[in-house]
Amino acid sequence: MTAAAAPPGTRSAAVIGAGLGGLATAMRLQAAGIDTVLIEACETPGGRAGAEQRDGFTFASGPAALSDRAMLDELWALAGTTVGHDVALHPVSPLCRHSWPDGATFDLHADDADTTREIARFAPRDLAGYEEFARLASATLADFRTRPGPEPFTSLRAMTGALPQLGRAQAWRSLGSLVAAHVKDERLREVLAVPALIDGADPWAASALAAAEHARMRGGGLWWPEGGFAALARALLARFEQLGGTVRLGDAVLRIHTLGNRVSEVETQSGWRVRVGALVSTADRDHTWRDLLGGTPRGADMAARLRRRGHAPGLFTVHFALEGTWPGIPHRMVLFGPRFRALIEDITVHGVLPQDQMIWLSHPSLTDPTLAPPGKSVFQAQVPVANLAKLPIDWEAIGPLLERRVVDEVGRRLVPDIHDRLIASFHVTPRDLALQFNAARGTGYGLAVQPLWRGWAGHPLRDKVIGNLYFSGAAAAPGGGLPGALASAKIVAQAIAEGNE
Ligand SMILES: Cc1cc2nc3c(=O)[nH]c(=O)nc-3n(C[C@H](O)[C@H](O)[C@H](O)COP(=O)(O)OP(=O)(O)OC[C@H]3O[C@@H](n4cnc5c(N)ncnc54)[C@H](O)[C@@H]3O)c2cc1C
């Protein structure tokens, strides 16, 4: 099929992947006047933040809530409207309930007075230390809200320029160590460290810069889009098209063609080809280098390098629907097990599937009753597990056993007659993520976050050799979770718009 091309004189770009990272990138490029085509392998947008409709329920996959509402406001402002015009955003309150096997709980709130009261009840001797931690987290967020240039922490020059802010944030140490230096109560330490893991990073490998997420949540709240993130993705797609962008769904990119050290064309499974001025991949990095650019010397070299790199944890998700409504179970919970740091080491270092687990439980039908028929509820329970490289087990065999264990544990802690109330349940394993989204090693988040001294993010947004090849979304710095994916979309689109390709 002949190559499509932008009219002469027009700048053009292609974005691979219509997850939220890809949608945000495409939207920003198109709004900047760059003729953009968004190419997605699946038939629907949303990527890892999707949804499945079954028996009148919407089972939302991916994140339980979004902390960076301002990013959505910015995206809709590009289309000259507000996000609320397309999708209702509901606040999540409390931000999170943390629960331990002995029945203890700690609620984190957006409201300062509520959180102070909760700390005074839970760990009174840590009140001053927590306040200092929260102050530092806010300062870090303010310092790094907008980052300079496309490669913020991956070039020596950019890193040197940011030294004062990095020093203020104590960025050389890990989040785990920063938390431990401020609070003494082991359980409060778990509360302050776990958001990094939910965003895909080991709290003892992630820089203390990750504390900014605490401030973002506390300062801006957490939000749930009505209908789930899949509805948000559909709305973004419609706005992108309205701005003049082109969408190709259900047509995977098969090959990226280069001419010298530049991307020249993108070819899809159907044989369609498009010439591009700049290319942004939000697909998995390994997949991009190994499968899409594997025929080029740079692609083969990078694929070999990535084989030696660590990947973020895998995720095992159980979706279930229950008879009845549960106003006492908040939208978002962490059900800690008996171990925390040792459990994380089992997942990120040793690669075993332990007997105990940590469950991130979300109950979105509490905030958004449109997800379930009246009088019924829908839940999602995520369990971080070792990725497929560390734990190459037969998920077909293990999946049903782990699903049963997760449902039993939720029953033991929250819904004693859960098996009598269960209307439907199913699970998604790391292997499913690998097959469905080309996610290397079945990771929920892409490459592992590295300590600052090894190149904090380590996933440059622009390739050093192929000058018009960019990465954004979870495949890029600052990586992993949704806030990072939306942040890199902004940085990359800005770099391309400023003509840095
Ligand atoms: C179960 C689960 C729970 C999560 N929970 C949280 C959370 O609580 N908080 C949080 O912040 N983050 C969470 N995340 C991570 C979050 O979902 C991701 O950071 C975010 O959705 C990434 O968006 P993205 O667009 O960068 O990538 P993706 O959503 O992975 O999108 C990439 C897209 O590229 C497409 N693609 C791949 N290969 C090709 C190809 N060859 N051609 C065309 N298209 C291709 C894929 O189909 C996919 O749609 C979770 C992820 C999972 C899986």
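Student: Which strands does helix 16 lie across, and at what angle does helix 16 run to strand 15?

Tutor: In this predicted model, helix 16 covers residues 395–413. Helix 16 lies across strand 7, strand 15, strand 16, strand 17, strand 18 and strand 19. Its angle to strand 15 is about 55°.

Student: In what order do the seven strands of the open sheet with mixed pairing stand?

Tutor: Strand 8 (105–108) and strand 19 (422–428) each have a single partner strand, so they stand at the edges with one side left without a neighbour in the sheet. Neighbouring strands are turned by 20° against each other on average, direction ignored. The order is 8-7-16-17-18-15-19.

Student: How do strand 16 and strand 17 run, and which residue stands opposite Arg332?

Tutor: Strands of a sheet pair through backbone hydrogen bonds, either parallel or antiparallel. Strand 16 (residues 332–335) and strand 17 (residues 359–362) are joined by four bridges and run antiparallel. In strand 17, the residue opposite Arg332 is Ser362.

Student: What is the order of the open sheet formed by five strands?

Tutor: The pairing in this sheet is parallel. Strand 10 (246–248) and strand 20 (469–471) each have one partner strand, so each is left without a neighbour on one side and stands at an edge. The twist from one strand to the next averages 20°. The order is 10-3-2-14-20.

Student: Which residue of strand 10 is the bridge partner of Ile39?

Tutor: Strand 3 (residues 35–39) runs parallel to strand 10, and three bridges join the two. The bridge partner of Ile39 is Arg248.

Student: Are helix 5 and helix 10 roughly parallel or roughly perpendicular to each other?

Tutor: Two packed helices are described by the angle between their axes and the distance between the axes. For helix 5 (residues 127–144) and helix 10 (residues 212–220), the axes are 7 Å apart and the angle is about 95°. Angles of 65 to 115 degrees count as roughly perpendicular. Helix 5 and helix 10 are therefore roughly perpendicular.

Student: How many nonpolar residues are in the contact of helix 5 with helix 10?

Tutor: Helix 5 contributes residues including Ala134, Leu141 and Phe144, which meet a group in helix 10 that includes Ala212, His214 and Arg216. By class, this contact has four polar and two charged residues, and the number of nonpolar residues is six.

Student: Between which domains does the ligand's shell lie?

Tutor: The domain assignment gives three domains, among them domain 1 (3–46 + 226–309 + 456–497) and domain 3 (313–441). The C-alpha centres of these two lie 30 Å apart. Both give residues to the shell around the ligand, so it lies between domain 1 and domain 3.

Student: Which helix supplies the largest share of the shell around the ligand?

Tutor: Four elements each supply at least two residues of the shell: helix 1 (20–31), strand 15 (314–323), helix 18 (430–437) and helix 19 (482–497). The largest share is three residues, and these come from helix 1.

Student: Which residues come nearest to the ligand?

Tutor: There are 39 residues around the ligand. By class, they divide into 20 nonpolar, 16 polar and three charged. Those that come nearest are Gly17, Gly19, Gly47, Gly473 and Gly481.

Student: Which two residues does a cis peptide bond join?

Tutor: Pro94 is found in the loop between strand 6 (89–91) and strand 7 (96–99). The omega of the bond is about -5°, and the residues joined are Ser93 and Pro94.

Key:
Residues numbered from 1 in each chain as written. Predicted model: local features only at pLDDT ≥ 70, side-chain atom pairs only at ≥ 80, totals over all residues. Domains from an automatic or database assignment. Near = placed C-beta within 6 Å. Nonpolar A, V, L, I, M, F, W, Y, C, P; charged D, E, K, R; others polar. Pairing = 2+ DSSP bridges. Axes fitted to C-alpha atoms, helices over the stretch in contact; angles between N-to-C directions. Parallel < 35°, antiparallel > 145°, perpendicular 65-115°, else oblique. Contact = placed C-beta atoms within 7 Å.
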